[in-house]
Amino acid sequence: MELRQLRYLIEVAERQHVTEAADHLNVAQSAVSYQITKLEEELGVKLLERVGRNIKITQIGNIFLQFAISALKTLEEGKEKVEEYLNPLGGTLNIGYPSSLSIYWLPTLISAYKEVAPNVNFHLRHGSYAYLIDAVKNGEIDLAFLGPVPMKEPDLEAKILFMENIVALLPEYHPLADRKSLYLSDLQTDPFVLFPDGYILRKIAIDACHEAGFEPNIASEGEDMDALKGLVSAGIGVSLLPESTFYDSVPRFTVKVPIETPKAMRTVGVIIPKHRDIGPSEKNFYQFLIQYFNRLDQYK
């Protein structure tokens, strides 16, 4: 069994035409037909059949096709890893991130790292808190940003990069909008707009309200940061969100107010697998992150 036979099979199955597949592969039609016939003889089954003027994959052929696609994908990933070892400042970084870090920190860190490693490519994977933890554990991605940082996961190495405040976002006409700071208990009669159940930022907000001595009245929910900010802008309610999500701007018709007590905060950091080696490109980026935030701490 040869790699080119798998490639030819995939191409013919996708295009359902030997001539078109051969043209795309830039080889002779006879070569494609010959190699697929050899593959069928080795396997002892028909992988393709003619239906009118087109070529269709057989039932057993379709089963084998999925393994062929998976095998070539795995080999391509292996090739990328070899290239990483040869050029650790190049390659492709597979990074997971939550929406709460996408507005400021993610682009800031990528931009800073591109100055050190201009040839590196980024494959960014957005996901929920639980998804990102599982994705690093099972090897789907090697590195993920998270906030708060899960310090008690036995299969993860977790590094806190910084801590940030949770602040209140109020409609601009709110009675407390002109305050320099507020007690969280001041908002106990207000409707809240929060993330849905299962989102870590919802838990942080509700826990903070509990610490302030009340159960928040959740009037509306939004599944992303922009949706929540939009609900506050529309006057639907107030929200509690990480301060870094306002670094560039505060949404129209809203006011950001610091919380004096209880002091709601979250850790922000990065996770990598503890019992599995990560690639050289990911290792370099991981070390860069630690050094980057160490330098920031020195200037505080």
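**Backbone features, helix packing and surface contacts**

P148 lies in the loop between β5 (143–146) and β6, where helices (H or I, at least four residues) and strands (E, at least two) are DSSP runs numbered from the N terminus. The model is a predicted one, in which local features need pLDDT of at least 70 and side-chain atom pairs count only at pLDDT 80 or more, while totals for chains, interfaces and linings use all residues. Residues are numbered from 1 along each chain as its sequence is written, and side-chain values use heavy atoms, with hydrogens and water left out.

Most residues other than glycine have a negative phi, and most peptide bonds are trans. The bond that joins G147 and P148 is cis, with omega of about 0°. A cis peptide bond also joins T261 and P262, with omega of about -10°, and P262 is placed in the loop between β12 (259–261) and β13. Q16, in the loop between α1 and α2, has a positive phi, near 55°.

Two packed helices are described by the angle between their axes and the distance between the axes. Here axes are lines fitted to C-alpha atoms, for helices over the stretch in contact, and angles run from 0 to 180 degrees between N-to-C directions. Helix α1 (residues 3–15) and α3 cross at roughly 110°, their axes coming within 9 Å, and are therefore roughly perpendicular to each other (65 to 115 degrees). On the α1 side the contact (heavy atoms within 4.5 Å) is made by R4, Q5, L6, Y8, L9 and V12, and on the α3 side by A31, V32, Q35, I36, K38, L39 and E42. Helix α2 (residues 18–25) packs against helix α3 (residues 29–43) at an angle of about 110°, with the axes 8 Å apart, so that α2 and α3 are likewise roughly perpendicular. In this pair, V18, T19, A22 and L25 of α2 meet Q29, V32 and S33 of α3.

Twelve salt bridges are counted, each defined as a side-chain nitrogen of Lys or Arg within 4 Å of a carboxyl oxygen of Asp or Glu.

How values were computed. Parallel < 35°, antiparallel > 145°, perpendicular 65-115°, else oblique.
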